[in-house]
There are 2 protein chains.
Amino acid sequence: VRISELSRASGVPLPTLKFYLREGLLPAGSRTAPNQADYDDRHLHRLRLIRALTDVGRLPLASVREVVRAVEDERTPLHELLGIAQYALDPTVPTRESSPDEAGARAEVDAFIDQLGWRVSADAPARHALATALLTLRRMGWDVGPEVFERHAEAADRLAAAEVASLDEGASRAESVQASVVGTVVFEAALVALRRLAQEHHSALRYARD
Amino acid sequence: VRISELSRASGVPLPTLKFYLREGLLPAGSRTAPNQADYDDRHLHRLRLIRALTDVGRLPLASVREVVRAVEDERTPLHELLGIAQYALDPTVPTRESSPDEAGARAEVDAFIDQLGWRVSADAPARHALATALLTLRRMGWDVGPEVFERHAEAADRLAAAEVASLDEGASRAESVQASVVGTVVFEAALVALRRLAQEHHSALRYARD
């Protein structure tokens, strides 16, 4: 199809499409005439991926480029590719040296994940986020270890297993990354919202008078 | 104790303490001499609450003041008080009129929560967040209803029940609010981090070669 039709089909405005082409995020169409090119389903899938990364994942353009490059490079195994997209969603881990408290919390979190038997890279940013959560509890006067998150780990394990199982076997690399990124961002937001609603419900059961 | 000792015990710098006193967030100590006042455990608890709301909940000062006022006003029932603190943590719901798509998603989410049998106020901000999550999935081409969040609702229900049950029966109003706010912010962050770690684990089980 022509670029104007690609714009209609994808809902992406024409100037934005041209920007993606210039930036190399969207591969050029096959030339059909000096001033005309043809676009197909691969372009549509790529656009869905880009929108998922920018609009849903809120990734900066540099990270989008990195993920798109990994999608294109068939030597990047799918598991690694999903990891690149996943890690790009996480806020950057501070590079300054950690305090003894921080290093201690991190070591406890690492041991906790080992105990769970999870296969997770040593530099997964979420390890750092979990250590920060533990430290915050301690600073607020809660004398607890990572076991305080045991129920949350069980719930996370069940949910992630179901989400990964639901990924389509025949999906392309771009589709798999898109599903993984949208799933992460949207299901996280939904999970947080549902936890708050459930908390109000259980608080009402315990405290409300009527 | 004197204000300098209150500063040491709480870890809050003296100028910040004086700021809280001026702003009425911290009640004045009982005067023991023209230029000296005495502070007690209630002041320490209040400071922990303020730090939880500002440092952990990242609430603006106006919201902190609102929560503190509700803690002080004994006519505000505890359930309502926890609701005030909880809703303050949520981003403000846009007041512009919603599109037909948005209104439709919101109605579906409301029906879904009814089906769950949850006692949740009609203006809980998390209802809006859940409708936004549903809309995002649809915009990304997933043809789904709120049932797609069923597993997440079950997990949220279990986690919230355990968290509310763990609140101390004999806690003061300030302590209950502090525990609820810290719990919400920290356990949400932990849950999100654990979901990402679990996703990497299950992705490794399914896709990694070794």
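In this predicted model, 77 residues of chain B are in contact with 77 residues of chain A, contact meaning heavy atoms within 4.5 Å. Between them, chain B and chain A bury about 7,500 Å², 67% of it on carbon and sulfur atoms, where buried area is the accessible area (1.4 Å probe) that two parts lose on being put together, summed over both. Of the area that chain B buries against chain A, B:R119, B:R195 and B:R196 supply 11%, more than any other three residues.

**Conventions**

- Residues are numbered from 1 along each chain as its sequence is written, and chains are lettered from A and ligands numbered from 1 in the order in which they are written.
- Because this is a predicted model, local features need pLDDT of at least 70 and side-chain atom pairs count only at pLDDT 80 or more, while totals for chains, interfaces and linings use all residues; side-chain values use heavy atoms, with hydrogens and water left out.

**Cavities**

- There are three cavities of 30 Å³ or more, a cavity being a set of points on a 1 Å grid over the protein atoms alone where a 1.4 Å probe fits but cannot get out, with lining residues having an atom within 4 Å of a point.
- The largest cavity has a volume of about 120 Å³, a volume being the space filled by probe spheres set on the points, which are joined across faces, edges and corners.
- Its lining includes A:E200, A:Y207, B:H79 and B:V164, and the largest share, five residues, comes from α5(B), helices being DSSP runs (H or I, at least four residues) numbered from the N terminus.

**A:E163**

- A:E163 lies in helix α8 (residues 150-165) of chain A and counts as buried because its relative accessibility is 12%, buried meaning under 20% relative accessible area (1.4 Å probe, protein chains only).
- Leaving aside neighbours within four places in sequence, A:E163 is in contact with A:G183, A:F187, B:H152 and B:R195.

Terms used
1 Å grid on protein atoms, 1.4 Å probe; cavity = no way out; pocket = protein on both sides within 12 Å on 5 of 7 lines; lining within 4 Å. Helix = DSSP H or I, 4+ residues; strand = E, 2+ residues; numbered from the N terminus. Buried < 20%, exposed > 50% of the residue type's maximum accessible area, 1.4 Å probe, protein only.
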